[in-house]
Each structure stands twice: as structure tokens, then as C-alpha cells.
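Visitor: I have a structure to go through for class. Can we look at it together?

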Amino acid sequence: QKLMGAIGPGASLDELVSLLQCSPAELAPQLLALECQGELLCESGLHWRKRGLDRLQTLAGTDLLQWRRQQLARGGAAADLDWLIDLAGGVSWASLQRLLLDPSRTVAMVQSLDVLSEFWRRHLHDNVPLQHLVGLCPWRDLLLESSPAALIPRQETELLVDLALTHFQAAPPSRWADLGTGSGAIAVSLALACQQHQGMVL
């Protein structure tokens with residue numbers, strides 16, 4: 001109750017830590033517990049660990065939805081913007097759908113709306129892929145780091161891993177090779193799924 005009373009629109013993690021006199025590491029499980037109870041939309045446990053707990057901030061759900069409408073008015077696809085809100089902001093698609101049903105909820109995010117607005121502007125006007133702006137790319141069951149140094153893994157190539165694994169079950173190889181690898185997505189997936197086999201990446 002004390003934590004919920006401290007959380008309000010615009011509350012920063014530093015303010016919560018100071019008010020509750022606890023460390024960020026102590027605060028994170030409490031916020032996750034509130035998410036599990038449906039009291040707080042954050043879904044950011046993975047983001048806190050990967051992107052930095054110190055950047056967590058809260059805002060009113062109505063503010064996020066208004067911002068989303070403003071960005072879509074600038075152009076672009078809703079699915080792409082929701083992807084950005086998820087991967088860069090830390091609000092999953094499922095949480096966003098719950099927010100559309102109940103805008104009165106409070107949302108916890110790992111990036112400010114100003115940063116997300118700039119990402120969206122660069123995506124629309126400079127044609128920068130969202131994966132490069134965020135630095136992440138979901139692929140199969142992986143969350144890969146992404147940069148202009150390699151092509152963005154395509155969803156269609158996920159089928160290649162499925163085909164290879166099906167073949168491996170019928171005729172287990174002593175070794176496998178990923179020739180002409182780019183991002184390394186295929187090789188990483190095969191290495192995780194076939195840890196008993198030797199792999200080569202060229």
C-alpha cells in the first residue's frame with residue numbers, strides 16, 4: 001500500500017527509492033509483485049535486468065495512450081509503434097491491450113516518451129529500422145542485439161532452423177556449419193538447440 005501510494009504519474013525510480021528508503025534492487029521485486037497482482041503495468045523485469053533498472057519511470061496510462069495517438073497521426077503502422085513501445089519502452093503488447101481496456105492504470109517504462117518520440121521520428125523520416133534504433137531484435141525464441149553492422153534477421157529464416165532441427169532428429173549429424181553467417185541468429189539457435197553437436201560458423 002505504501003508503494004502504491006508513492007507511485008504516481010511522472011514518478012521516477014530515484015524518487016521512489018528516496019521516499020521508501022530502499023535500494024533499486026529491493027524495489028524491483030515489489031514492483032514486479034504489483035504487476036502480477038494487476039496493480040501496475042510494467043512487464044519490465046527483463047528490461048530492468050538488460051537495459052538498466054535506474055531508468056524506470058512511471059506515468060499515467062492515459063498519457064501513454066494519448067502519446068500513442070499523436071505518434072500514429074505522424075504516420076507509420078500501429079504494429080510498429082507498439083513494437084517500439086514494447087522493446088524500447090518496456091510495456092509489452094499484452095500490457096498495452098490491458099491499458100486500452102483500462103486507461104486508468106499506471107504504467108512503468110524504461111524509456112521516456114521524448115526518447116521514444118525521437119526514435120519514431122527517425123524511423124519515419126530517416127528510414128532507420130526500429131531494430132537498429134532500439135538495438136534489439138526478437139527472433140525465434142531469442143532476443144538478439146542488433147546494429148547496422150549486420151542485416152536484421154528475417155522472420156522467414158526462422159523456418160530454416162525448424163527444418164534443420166527436424167532433419168537432425170531423423171539423422172543426427174556429428175557436426176553442422178552455418179556458411180556465410182550474418183547476424184549469427186541461425187548459428188546461435190542451432191548451438192542452443194544442439195548442444196551435443198559441434199558447430200562451425202563461417
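Visitor: Let's start with S189. Leaving aside neighbours within four places in sequence, which residues is S189 in contact with?
Guide: This is a predicted model. In the model, S189 is in contact with W139, R140, L142 and V161, once neighbours within four places in sequence are set aside.

Visitor: Where does S189 lie?
Guide: S189 lies in helix 11, which covers residues 185–193.

Visitor: And is S189 buried or exposed?
Guide: S189 has a relative accessible area of 3%. Buried means under 20%, so S189 counts as buried.

Visitor: Back to the contacts. What is the bridge partner of W139?
Guide: W139 is bridged to L142, which lies in strand 4. Both W139 and L142 are on the list of S189 contacts.

Visitor: How do strand 3 and strand 4 pair?
Guide: Strand 3 is residues 136–139 and strand 4 is residues 142–145. The two pair in the antiparallel sense, over four bridges.

Visitor: What sits between them?
Guide: Two residues separate strand 3 from strand 4, and the strands form a hairpin. R140 is in the turn, with a positive phi of about 55 degrees. R140 is also in contact with S189.

Visitor: New topic: S95. Which helix is S95 in?
Guide: S95 is in helix 7, residues 93–101.

Visitor: Why does S95 count as buried?
Guide: Because its relative accessible area is 0%, and the cut-off for buried is under 20%.

Visitor: How far apart are S95 and V107?
Guide: In sequence, S95 and V107 are twelve residues apart. In space, the distance is 8.8 Å, C-alpha to C-alpha.

Visitor: What about pockets? How much space lies in the largest pocket?
Guide: The largest pocket holds about 220 Å³.

Visitor: Which residues lie nearest its centre?
Guide: P153, T157, G182, S183 and I186, out of 14 lining residues. By class, the lining has six nonpolar, six polar and two charged residues.

Visitor: Now the whole chain. How many helices and strands are there?
Guide: The protein chain has eleven helices and six strands.

Visitor: How many residues, and what share is buried?
Guide: There are 202 residues, and 41% of them count as buried. The chain exposes about 11,100 Å², with carbon and sulfur atoms supplying 53% of that area.

Visitor: And among contacts between residues at least 6 apart in sequence, what share joins residues at least 24 apart?
Guide: The share is 59%.

Note on methods: Residues are numbered from 1 along each chain as its sequence is written. This is a predicted model: local features need pLDDT of at least 70, side-chain atom pairs count only at pLDDT 80 or more; totals for chains, interfaces and linings use all residues. Side-chain values use heavy atoms; hydrogens and water are left out. On a 1 Å grid over the protein atoms alone, a cavity is a set of points where a 1.4 Å probe fits but cannot get out, and a pocket is an open set with protein on both sides within 12 Å along at least five of seven lines; lining residues have an atom within 4 Å of a point. Grid points are joined across faces, edges and corners, and a volume is the space filled by probe spheres set on the points. Ala, Val, Leu, Ile, Met, Phe, Trp, Tyr, Cys and Pro count as nonpolar, Asp, Glu, Lys and Arg as charged, and the others, Gly among them, as polar. Buried means under 20% relative accessible area, exposed over 50%, partly exposed in between (1.4 Å probe, protein chains only). Contact means heavy atoms within 4.5 Å. Accessible areas come from the Shrake-Rupley method with a 1.4 Å probe; for residues, only the protein chains shown count as cover. Two strands pair if DSSP finds at least two bridges between them.
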